[in-house]
Amino acid sequence: MAMAAPLIKADFDLAIVGGAALLSAGNDFNILVDAFIGINGNQIVRICPCSEMPDGSFSAKETVAARGMVVLPGLINTHCHCAMSFFRGFGDDLPLTKWLFERIFPAERRMMNAETVYRGAKLALAEMLLAGITTVADSYFFEGAVARAGKEMGMRLVLCRGFFDPPVGVKPATLAQSARHFFIRYRGDSPLISPALFCHSLYTCSPTTLTTLKSVAREYDVPFMFHLLETAQEEAMVQERYGATVYDILTSGDLLDEKTLAIHCVHLNEKLVKLFAERGVKVSHNPRSNAKLACGIAPLPLMLAAGICVGLGTDGAGSNNRLDIFSEMEFLSGLHNIPLSRSRAIGASSIVRMATLDGAKALGLDSLSGSLEVGKDADIAIVDFHKPHLTPVHDYSSHLACRVRASDVHTTIVAGKVLVHNGALRYGDINEIMNAVRPLEGF
Ligand SMILES: [Zn+2]
């Protein structure tokens, strides 16, 4: 008599069952409908149709029922100053230089310390997790306080120590040493924290400061970031302060390689676009911040056509309105049609890729995050599509790029840990997090 084959039962820590999974397929995406995603520890270990994993064929410590939902890679915010959530709505409607020099810098000197940075960062991280963002590059000061908030919230951080020009008399070797101390402190501190360096800009950091810190970043093989050509006035400001052009500073200082992330690039000319493409420089596109501060529209179609890897960023909440990558996607999906007088100047798949895999590449994290693949960390956002504004579905990427709202996020998972479920934080009390910031309202 024939014997039935013994049932081999698969065990998972976490199973996501029944969603439509957004899988990378070259430059596009394939949708695996009715998908099963099995996770053990921090990693994705199985992706297959649910028909291959029927009920009873597996056990999981936790199962997320995702029918009617879309499972996508967690969103990547390539540029933020988390603690600046304190400045949301502060100095509204001012152009960048007035906003920065007359409102923000004095307020930061007055009120920013390790405790306020911790509280502001925690609020920002909560907002981002609830919006399906699983990784953020934070560029600020008191990074120990940001690391503490990140560990408590469970979010993946690219922790960027911020630099301006040091006080007169501080030698480049001292500056380099302080950057090295930062790496020694945070390398290996947590699997979710990757240290990196951030110079504020070419008009607040001298060519010597930039070159010194880039060489330390190179020594540790980590990203080196700076705001670049955010306003039309920046070229003249740099020339007046340092007597050199932006192009000359970037090239003579050997600042450009595949580990360089230039943020904003609103006024990047064709010569620099070509140079960035040749050197593999990455760009962080922050369209809503650029609009709010009247900086202009970055030449995104030109950068993409040249083959530059572009990720999306929110910048801080003070120079944006929300920390929400879905809003950035929707905004940019229409924005670049205007100067080109062309609909769909940027395709929906390109937009979703910028928010996910290309964002991860821009931060040097694409071996870990940015796509749903067996062997990668389970950094996942699950969006509830059972909504009037997402019905019917002709094209999943188009809905994700143009119509999904942050409030549609049902579940957010970082490195296999469910941090948001049913639209609510699982760890940390959102009321406490908000109340910790309120005493400083009206500072
Ligand atoms: Zn910024």
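The model is predicted, and local features need pLDDT of at least 70, side-chain atom pairs count only at pLDDT 80 or more, while totals for chains, interfaces and linings use all residues. Residues are numbered from 1 along each chain as its sequence is written.

**View 1. The open sheet of 8 strands, with parallel pairing.** The strand order is E6-E7-E8-E9-E10-E11-E12-E13, where strands (E, at least two residues) and helices (H or I, at least four) are DSSP runs numbered from the N terminus. The edge strands, each pairing on one side only, are E6 (75–80) and E13 (310–312), and two strands pair if DSSP finds at least two bridges between them. The twist averages 25° from one strand to the next.

**View 2. Pairing of strand E12 (residues 282–285) with E13.**

View 3. Axes are lines fitted to C-alpha atoms, for helices over the stretch in contact, with angles from 0 to 180 degrees between N-to-C directions; residues are in contact if their C-beta atoms, placed from the backbone, lie within 7 Å.

**View 4. Helix H4 (residues 172–186) against helix H5 (residues 207–220).** The axes of H4 and H5 come within 9 Å and cross at roughly 35°. Among the residues that meet are Leu-175, Ala-179 and Phe-183 in H4, and Thr-209, Leu-213 and Val-216 in H5.

How values were computed: Two residues are in contact if their C-beta atoms, placed from the backbone, lie within 7 Å.
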